[in-house]
Amino acid sequence: MSIALAEIRSAQAPTLRYRVSDPFVADVIAAVAAEFGLSEREMMVHSRDHRLWKPRMAAMYYFRLLTSCSLPELGRVFGGRSHTTVLRAFRRCREMIDADESWAGRMDRLLVKLVEKIVAPRL
């Protein structure tokens with residue numbers, strides 16, 4: 001587990017740079033990173049590398065769907081991005097789901113994994 005994810009999961013950590021209201025944020029990062037073959041640290045790096053922005057956008061999309069975090073909170077998780085960046089990623093991912101069948105299939109498979117791992121245990 002990356003240092004950043006450990007900080008997210010540990011609400012009691014004295015060196016926590018930010019607080020996240022939903023403990024499942026770290027689980028979403030881990031699941032999306034695994035789906036795209038990345039490390040959790042790579043998901044949170046401030047980079048425009050093509051192999052990183054799509055998975056990061058997918059993670060932001062699922063955060064918005066599955067967690068109770070605010071947009072500013074989620075922006076802080078991804079290296080201090082603004083709430084509008086998170087909102088734009090959500091909208092762009094939705095557009096890609098509507099336009100690209102292969103992306104839609106991948107996102108559907110990932111959603112099933114996330115629901116099984118994150119949402120189902122809450123019930």
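Arg51 is partly exposed in this predicted model, its relative accessible area being 45%. The side chain of Arg51 forms a salt bridge with Glu42, and the closest N and O atoms of the pair are 2.5 Å apart. Glu42 has a relative accessibility of 22% and is likewise classed as partly exposed, because the buried class is limited to values under 20%.

Another joins Glu35 to Lys113, with 2.8 Å between the closest N and O atoms. This pair connects distant parts of the chain, as Glu35 belongs to helix H2 (residues 25–36) and Lys113 to helix H7 (residues 101–122), with a separation of 78 residues. The relative accessibility of Glu35 is 17%, so Glu35 counts as buried, under the 20% limit for that class. Lys113, with a relative accessible area of 44%, is partly exposed.

A further salt bridge is found between the side chains of Glu95 and Arg92, at an N to O distance of 3.8 Å. Both residues are located in helix H6 (residues 83–99), where they are three residues apart, or about one turn of the helix. Glu95 is partly exposed at a relative accessible area of 47%, and Arg92 is partly exposed at 33%.

Methods. Residues numbered from 1 in each chain as written. Predicted model: local features only at pLDDT ≥ 70, side-chain atom pairs only at ≥ 80, totals over all residues. Heavy atoms only, no water. Salt bridge = Lys/Arg side-chain N within 4 Å of Asp/Glu carboxyl O. Helix = DSSP H or I, 4+ residues; strand = E, 2+ residues; numbered from the N terminus. Buried < 20%, exposed > 50% of the residue type's maximum accessible area, 1.4 Å probe, protein only.
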